[in-house]
Every structure is written in C-alpha cells, then in structure tokens.
Amino acid sequence: MSSDETKTVPIPGPPGLPLVGNAFDIDTEFPLGSMLNFANQYALIHELCDEKRFQKSVSSALQEIRHGVHDGLFTARNDEPNWGIAHRILMPAFGPMAIQNMFPEMHEIASQLALKWARHGSSEAIKVTDDFTRLTLDTIALCSMDYRFNSYYHDGMHPFIDAMADFLVESGTRSRRPPLPGFLYSKVDRKYHDDIKVLRETAESVLKSRKEHPSERKDLLTAMLDGVDPKTGQKLSDDSIIDNLITFLIAGHETTSGLLSFAFYQMLKNPETYRRAQKEVDDVCGKGPIKLEHMNKLPYIAAILRETLRLSPTIPMIGVESKEDTTIGGGKYEISKGQPFSLLFAKSHLDPAVFGDTANDFIPERMLDENFERLNKEFPDFWKPFGNGMRACIGRPFAWQEALLVMAVCLQNFNFIPEDPNYTLQYKQTLTTKPKGFYMRAMLRDGMSALDLERRLSGELIAPKPAQSQSSGQPKKSGEGKPISIYYGSNTGTCETFARRLASDAEAHGFTATIIDSLDAANQNLPKDRPAIFITASYEGQPPDNAALFVGWLESLTGNELEGVQYAVFGCGHHDWAQTFHRIPKLVDNTVSERGGDRICSLGLADAAKGEMFTDFEQWEDEVFWPAMEDKYKVSKKEDDTEALFQSGITVNFSKPRSSTLRQDVQEAVVVDAKTITAPGAPPKRHIEIQLSSDSGAYRSGDYLAVLPINPKETVNRVMRRFQLAWDTNITIEASRQTTLPTGVPVPVYDVLGAYVELSQPATKKNILALAEAADDSEIKTTLRSLAGSEYTEKITSRRVSILDLLEQYPSIPLPFSTFLSLLPPMRVRQYSISSSPLWNPSHVTLTYSLLETPSLSNPDKKHVGVATSYLASLEAGDKLNVSVRPSHKAFHLPVDADKTPLIMVAAGSGLAPFRGFVQERAAQIAAGRSLAPAVLFYGCRHPEQDDLYREEFNKWEAMGAVSVRRAYSRYPDSECKYVGDRIWHDREELTGLWDRGAKVYVCGSREVGESVKKTVVRIAVERQRAIVEAREKGELGGLEGLVEGLKLQGLKVEEVEVSEERALKWFEGVRNESVFVHLCTSMKSRVYTVFRA
C-alpha cells in the first residue's frame, strides 16, 4: 500500500537521547518493568506474530548470549544450518512416548524436593525459586542426559546455576551498554567469560561422561550423539552438542522453575483456587502414589498453569524482525526490512479485548480446556508463553508434564502458607523472570511424618492420621504448663498483637503457647490434643490475607471432622459494615462447633469504631477466657492477679555501647522532596516524594504505601525525662515471655522508644490496673481503679489518655521501666494511598496527607500529634525511612479497558491522593497518543486559594483531556456548590450519562463524604425512577433511549421500575460491591474508599 493511498505515521515510542537512545529509560535490574510502562502508554500490535511477514530476530540480549551458546536452538538465526539440523534431529526426542518414558525420573526428583521440605519442618521458610530451580535443573539433567547434579544434597547451588544467572544478566546488560571504551568494562568482561567457561566445562563433562560410558538410554543426549538429520544426512558436531546441552540446561529449567514459583504465589493469593486445586488432586490421585495416567486427568491444575503463564510469562518477550518492507496497523505504520520489534507477551496477554475488565485478575476457570480452545480459535495470538510458530519452545511437552507432576506431588502431601502474607509480587529478571523474595512454608498433610511421606512416595498407601501439632519453631522449656495453640488472622497486626499478648499471659495461668501462628497454618491441621484459640478480624466480610485458606477449608467441611477440637474465638471488626460485622469470627466460632468442636467459652468481640479494642480483648481474656480455661482443665494460676499485673516478664539491663536494630518487614527508602501544599492558615496538607529501593517491587496507581513511623521526638523525650534516662543509654532486654522487643543485644533506649512501641496508644484497663498496683499512695490507687472501671470510656478512651499521660499526671508512681515497656503495644505500620503513577516514575511514589495536630484532650497545655503524619512531616530531602508497597483492593485500580470505560471520581481534601495518581497515569497515556474514555473528578475543599490541591497540575491534565474537574468549596462565599454531594447533584445529567455508558465510580474521603455521595446518588436514582415511570405511563419512553439502554446494561426491565427510595437504597448497596475502610490511627477516624460499577 503506497503512502499516497494511506498516510503513514512514525511508530509511537518514548523519545530517546543522542547516541544512547532509551538506555537510561530502562531499569537495569528489571528491564521488563520499563517495557511494561512503555506498553501502558503505547498501543499493541498483534500482527507481528505473522510468520509470513516476520521472523525471529537474534539481536540485543540474544546476540550477546551467542557468545556462550553460539548457534544453539534458541539463539540460532533461521538461515543457519545448525538450527535446522538440530531441530529435525531432536524433535522425535520430545515426542509423546519419549516424554512419558521420562515420568519415573521426574517423579524421583520431585520426591527429593518433597522429602527435603518434610524433613526441614513446617517452621522452615522455603525460598521458593531456589528449590524449584534445583528441582528443574536436576530433572532436565537426569531425564535428558542421565546426569545428576544432586542439588538437594548440597547447601549451595551448583556452580552452573550461579554462572548461568550472571551470564544471562550480563548478556542483557551488554546489549544496553553505552558506546564507551572497552577498558571501562574489563572487570565485568573477565567475569562474563569466566561464567561462559563454567557453562561450557559443565556441558563438556556431561558429554565426556556419556562417551566414556555409553548407554542404551533413548534420551536427548543419545539423540544428539547418534541422530542423523533426515534432510542433509549430517550429524551434530561436538561443539554443537555442547551448545545445545547448555541451551537445554538453561531453557529446560529456568522457565519451568519460574512457572512453578509464580503458580504457588497465585494459589496462595487466591485461596479458593488453592482449595479447588488440592481437591482435584485428592479426587484424582487419592492418597496413593501419583502415576503417569493421572496427568491428563488434572484439568484445573492445567488451567492454573495456563493462567499463571498468561499473567506472568517466564519468557515475557521475544524479538522479531520484518522479512521485507511492509506496513502494520492497517497501513498506519511503515516498516523497513529488518526492522526489529519486541513482542511483549507480558502485556499482550492482558488484552481487554480478549479478557475484558478482569484481564489483570487471576481466574484459572477461563483457561479450562474447552474455553482455552475457544479463545485459541477466536484470538490465535492471545497466549504465547512458549514463543511463536516454528521457533516456539521445543521442550513444551517436557515442561508441561513436569509442572503437572510437581503441582500434584506438592498439593497431595503438603499445605502451604506464605511466609509473609503481605508479600506482593516482585520480579527477578535474567533471560527469564521469577518471583523475587518469595518465601512460603510447607506443612505435611494427613498427620504424616517425613518417614510416612517417604513411604507414600515410594508407592505405599498411607492412610490419613489425626492432625499433629507442629511446632512454630519456638523453643519449649521443660516444666512449662499445659500446651495451647494460638492462631491469628490479621492484616494490620492488631490480632497478631492480641495473640502474642495471650501467649505472654498464658504462663501466669498455668499454660504454655507452643504454637503462635497464622490461621492458615491450621488449614486441615487443627490439633485435637490441646486447646486452640482463634483470634481474627473481618474485612468487608472477608477473612484476613493469612486466614483465607483456613476459612475456605472450614466452609468446605460437611460432617463432624472437628470432633475433639477444643477451641475459643475472639474477633475484631468495624460496626459501619453492619451486614458483614464480625462475619469471619462468628463463622469460625459457629462452624467449628457445627463440625463437632468443643467450645471452651463464649465468643469475644471488639469494635474498632469504639477505639477500645485492646480493652475489650483484655476484658474477654481476664473475665471470660482464662476463668473458663482454668475451670475446664483444672489448671491453677502460678501467681495471683495483682502479682501477674505487676510482673513485666522482661528484664532490662542498662549499658553504654551503641548499637542499632532494624525492622525486617519494610525496606529502606529515601525522601526526594517534602513540602506543604496548602496556604498559611489552612489546615496543613503535605506532599512527600519517596524513592523506593529495588526490593520494594512495582506499584500500581491506587496502591498503598505502608510506612513504619517513629514516635515524635517530644513524646520520646517525655519518657526519657519520666524515667530519668540519659540520651545515650543502651538497654539489653531479656524476656521470659513472648515479646516483639529486640532481645539479647544492647539497643539504644531511644531507638526502642522511638521505633518499637506505641507511646500514644490510649491506656487499656489492664494498663491502668498495673499502674494502680505499682502506686504507693492509696488515694492514687483508688483513683486509678475508678478510671479502669466506670469512668474508663469518658476519661480515658474519649480523651486518648496514654500510659505516659497517666505517669506524668501521677509522678509518684514508682513504675519500673521494664514494666512500662511490657505494657506498650508494638509499633504498627500506617498505610497511605499513593498519589502518583508508575508511568510518571516507576521507582518513585508520592504521598498526600493531612497533618494531624490538635490540642490534647487529656492535657490542654499539650498538643496531640499524629504519630505517622508528624513523622512524615519531620522528614526532609535525603532522609531515609522504612516503607513497603501494599496492593489496594483489586477493584481500586484503573480499568484495563481505559479506552471504553468512563471514570467518575469523588474526593474531598487529601482523599484526592489516589485520583492524582489515576489522572497522572491517564495524562501519560494520552501524551503517548492513546485515546481514553472520559473521566470526571468531583473534588471538595475549603477555598480555591487555600487548599485546592495540585490545581496547576490538574489544570494542565484537564487541558490534555485526561480529566474534567468539578469543584466544590465549603468556605468560599462565591462557590456555586458547597460540598461534593451538591456538585454531583448539580452535574447529575452528565454523571448519569457516563453511568449509562458503564462508568466505574470511585469515592475517597471521610465517612461524611461517603454518606453524602450515598444520599445524592440515591436521590438521583429516585429522580430517574420517577422519570421512567412518568414516561412509561405517558408512552413516551422513546425520549429516554440512553436511560433505558443503561437499565438493560444492568439487567433491569423498564416495567419493573417504580418510585421507591427503599429500592434505590437497596440498589445502591448492591452496586457498591467493593468497599474498604482504612483506619487512620493518627486521628482515630476513618477514610472510606468505595468502588462501584455501573
């Protein structure tokens, strides 16, 4: 097609620099992340998979890899003779019968993996990618060339693994080198060639061993040695055999180990998928040995593997080049012969045209055989994890059988939980991708021991036994009390804190907590030889992240499976979600009882909205739980109540040497910029820009940043003054009970007070009674006991009175410092909405927050400051802090079909934060040439000249077409609308027009903002009902085409509509299907994030 007929335009892409092009736009540790960011801005082209017009391009990193493997199968060019010879010789070696014959050896290596996990025990944190790398390397070596690396019999990795990883990384780096003199790279070049030497010497030793000890095996190495090309009559040379041995050792284990690692990550993040997969294995394989014939009877496991490869293809991109001058994009882009392209499967696999608005979600059901075949017919290029056309992976059948077998062996014999429930997927990239920093734990099922597992894997039928208590790795001392197991379900740490407090108090009551673990650790493994205590929260009616597997298992039970389980339950929730208030703790309590469990005491509950959760827990513990335990098990306390209150359980030794300790659940980051973004006199709101570490992982617009704060210096200084501690004092803590404080090493007391404990938490009743016990003055004792009684809510909770406040109010109380520390809860992270987009900068985030600083209700002469916001406000450029990226609810992200789905966003004040990120991302996409559906932002603040946040930025983005902003000013006399609800009502015609087009609606602000939106939307709904009813009665529905069409999209019929506020409210609650409350501990208020779909 000539350019005269159709005008061609340059292919869109990021602007480059002279000489270096886009080299500085690429993240050297994770290049795929940079490519994905480009792809989010620029359109996709599918026709590059057409082999008639495009062929594999051996350039960039592949060109560098040829230094090590020359013209092996993966790196050869199409016209190189050795590729054709090797391909034709080796194809029969990967035929169905050949692969099936490898099953026994695959099973042997899988058994080695399983036995390692069993012998290491349930407390061992498994580095998932390392163990699966050992598995797949040993499997490909044994099955294809009868060579044993014996990776499970060595602590370290085989030298081949490290050399291979470094070789692949450096090959990618070399392809992006700026054109600088070679001597600048001499050191890394020496290392590069040393790694190549290790690879080739390993392959040479395999070849030499086979030649010296000929075998009758019909494996891959035999085919390479003896095979003759049917087309040319040639055989492979030794050099070509070595090239291909290295190729298979790399490609044959790297991709499958990544697939298995990603698959386990996805299953643990999706408990229903995990449960269904394990059930399929149990139904098909039973409790006996897994056999070859089982492999084609696991369709759901296969669907999991396909969906895993869709979301996380281990080969995320390949290169192609044009065979001739041509055009793509319907003649829009002109292409010259030899023009290279990267096919980014990691992005094309997420095409909303194929997968709709769930394209980013893990849904294995869509990859079941029948639907998978349908998608293949409708969208031939929709799934390409094994490459394209004749250059696709030759070892796909081998990898598939191996992956199915390993999944079955693991799920049949173990239950798994993530070591860190808050882990979010991070990538490690060489030539392939794998999860970075992903750990899990494995617990044997069916009451098996490691010896039982060994017998089962060897072919014996091992019947299930009663569950056995598996130690959490904490040492048990002789002479301890009756053992108990404590399990918690917790996203924010509160229930875990309660669990550890209960364990700490157990000894005083004659019990010992031998297990303190997440609820998921009790999945299919509830002990019957000791009491089990469950402490869990409920989030939107759903279990916490580390309790979902356990809850799913409970719900699947149908008989008296839990007969003999003795248990108690304490639950946390928030009464604003009336329909799901305490759903999970009540479900656990009732279900365990219905399935045969023996309830020790009545269910304990706490309401976060009241701000007395710690007190509610202590009251249940002291007045309900421990009395019931002592009565049931006839166990006596070791000490009376008052003595127990006073005993701290820790000993503090003071010293002078300096030392420091770090928390491990967050990563270090650096402040780039910090500033106030409101005018003087207005309630302060601030902006902070933070550079993340490479270990923080990628973020998406709408995600959170968890910040581990430090207590305000003045608060710490108050403690130092109260206990007369020198500023450079160090302490060494020795604990006889459970504690989250650093123990056994000298630590600066300033660090402990600043970073490890909450100093501003309102005192609990038990805290106050401990102070009363320590007091010498009888009048003070009486006063404190009264505060812990009927006056508690009025004088302590509502005024946020802390232990420190009480000690300052009653300075004569001789409370030991060790007791003070033991009374304090551990420091918790605070979560803030990220107010930036990774398309702006993938390694930087911004936060937008309100600074909390109000007069103290406990002492008007002092100020009450938010722990986290005051900490953030104290930071300046260059300062370091500890943070981690946390994903928001999956619904609170931009729609994947951004060109089709309109957005309606509603925010007030600093609730604007996530929407700044949304609009910033849309602006970047528009700047790259993409067309997007409209977006409207309703925003409320006080005054256009005081707190209209980011006004200049939004004006620029609005001019680009990224958003239309509708503002409401509550303190500005000339404002047309005072609140966002007023503005929504004012612009309701446009809003309903977007709604009828399937808009996605987001609300972020205070609870009052959420209620205002609810009332306004219900009011609009009633008005629409009335319009439809009136038009229906008059026979004039023809004038309401858009509204009627909107009803059809919602599955409603015109004749069903009636004017009813009650029905409108019910409808609103129905469409508000995704809602999340995030409690800001600094203000004890709530911010509501609501997402609902038209």
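Two strands pair if DSSP finds at least two bridges between them. Keep that in mind for the first stop on this tour of a predicted model.

**Stop 1**

Select β1 and strand β3 (residues 317-322). These two pair in the antiparallel sense, over three bridges.

Together the three strands form an open sheet in the order β1-β3-β6. Its edge strands are β1 (54-56) and β6 (340-344), each of which pairs on one side only. Look along the sheet to see its twist, which averages 40° from one strand to the next. As background, strands of a sheet pair through backbone hydrogen bonds, either parallel or antiparallel.

**Stop 1: the whole chain**

Zoom out and show everything. The chain has 37 helices and 33 strands. Of its 1094 residues, 56% are buried. Take the contacts in the chain with a separation of 6 or more: 77% of them are between residues 24 or more positions apart.

**Stop 2: helix α3 and H87**

Select helix α3 (residues 81-90), where H87 is found. Which residues does H87 touch, not counting those up to four places away in sequence? They are L73, M390 and I394. Next, draw a line from the C-alpha of H87 to the C-alpha of D229. The two residues are 142 apart in sequence, but their C-alpha atoms are 8.8 Å apart in space.

**Stop 3: two packed helices**

Select helix α5 (residues 103-120) and helix α16 (residues 396-413). Two packed helices are described by the angle between their axes and the distance between the axes. For α5 and α16 the angle is about 40° and the axes are 10 Å apart. The crossing of α5 past α16 is right-handed.

Show the side chains at the contact. From α5, select F103, M106, H107, A110, L113, A114 and W117. From α16, select F398, Q401, E402, L405, V406, V409 and C410.

**Stop 4**

In general, nonpolar side chains in soluble globular proteins tend to be buried together.

Center the view on F416. Leaving out residues up to four places away in sequence, F416 touches W117, F264, L268, Y274, C410, M440, R441, A442, M443 and L549.

**Stop 6**

Select β2, β10 and β7. They form an open sheet of three strands in the order β2-β10-β7, with antiparallel pairing. The edge strands, each pairing on one side only, are β2 (126-127) and β7 (414-418). Strand β10 (residues 439-444) is joined to β2 by two bridges, and the two strands run antiparallel. To mark a facing pair, show K127, which stands opposite Y439 in β10.

**Stop 5: an enclosed strand**

Select strand β20 (residues 704-708). Five of its five residues are buried, so β20 is largely enclosed by the rest of the structure. Which residues cover each face of the strand? On one side are Y704, A706 and L708, on the other L705 and V707, and all are buried.

Now bring in the partners. Strand β23 (residues 830-833) pairs with β20 in the antiparallel sense over four bridges. Within β23, Q831 is the bridge partner of A706. Strand β27 (residues 880-886) also runs antiparallel to β20, joined by five bridges. Within β27, R886 is the bridge partner of Y704.

**Stop 6: T591**

Finish in helix α20 (residues 583-594), and select T591 there. Is T591 buried or exposed? Its relative accessible area is 12%, so T591 is buried, the limit for buried being under 20%. Then show L587: the side chain of T591 reaches the backbone oxygen of L587 at 2.7 Å.

Conventions:
Residues numbered from 1 in each chain as written. Predicted model: local features only at pLDDT ≥ 70, side-chain atom pairs only at ≥ 80, totals over all residues. Heavy atoms only, no water. Contact = heavy atoms within 4.5 Å. Buried < 20%, exposed > 50% of the residue type's maximum accessible area, 1.4 Å probe, protein only. Polar contact = N/O pair within 3.5 Å; in protein donor to acceptor, adjacent residues only side chain to side chain. Axes fitted to C-alpha atoms, helices over the stretch in contact; angles between N-to-C directions. Left-handed = near helix turned anticlockwise from the far one by under 90°.
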